[in-house]
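Dear colleague,

I am handing over the structure below, and my notes on what was found in it follow directly after.

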Amino acid sequence: MFYYLKKDKDQLIANIESLKSRDALTNIDYFSFPVLPEEMQLATEEDIETLIQAIRDTQNYDYIIVDLDSSIHVRNRTALKNSDEVFWVLSSNETSFSSANNVMEHDLVGIGNDRSNIHFILNNVGEELFDGFDAFNFSIEAHIPFHVHWLNKSEETKLQEDIVVGEQLFKLLKENTIQSSEVSPQWQ
């Protein structure tokens, strides 16, 4: 995929279906990490825009989900700018909230003041939230509970055993896609 992004963008859409992988458990299509992960670090704004548009142009997908890390890198800012809906997962601690608040207040990701397409999800929710939780102005749309037995499990096992996270995200995605499609029928 990175070869086509860098060398032959015209061939990307023709080859994009052959470049994807499919998870046997969920039947979700995805792109594998590159052999050299540094390639992702070198992705430009144009590369990310081209990739997202190429996936849209295949017209094979109802949803394109870009799982971003928390860095304020050009690839993340570009993916956010090209997103119809953003599902922002917050950890249930003050550090996560403070970091997200700083990003939003200073518009470090370049999404502007219209935040109507941002949906906050609170992950690993215990019995009580941290002191000062109410001081943050995040409208939390979903709460994903903390499970103590996850402490001894691998990430793969957690993913395969617990469908609550996926169900919550899918529910939010469906609710917000229906609303978005009523406003903008060209959403993919």
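From the N terminus on, the elements of the protein chain follow the order α-α-β-β-α-α-α-β-α-β-β-α-α, which amounts to eight helices and five strands; helices (H or I, at least four residues) and strands (E, at least two) are DSSP runs, numbered from the N terminus. Please keep in mind that this is a predicted model, in which local features need pLDDT of at least 70 and side-chain atom pairs count only at pLDDT 80 or more, while totals for chains, interfaces and linings use all residues. Residues are numbered from 1 along each chain as its sequence is written, and side-chain values use heavy atoms, with hydrogens and water left out.

Of the 188 residues of the protein chain, 30% count as buried, where buried means under 20% relative accessible area, exposed over 50%, and partly exposed in between (1.4 Å probe, protein chains only).

Leaving aside neighbours within four places in sequence, Val125 is in contact (heavy atoms within 4.5 Å) with Ser92, His143, Ile144, Pro145 and Phe146. Although Val125 and Pro145 are 20 residues apart along the chain, their C-alpha atoms are separated by 4.5 Å.

Phe146, another of these partners of Val125, has its place in the loop between strand E5 (140-145) and helix H7 (155-161), and it is partly exposed, since its relative accessible area is 35%.

With kind regards
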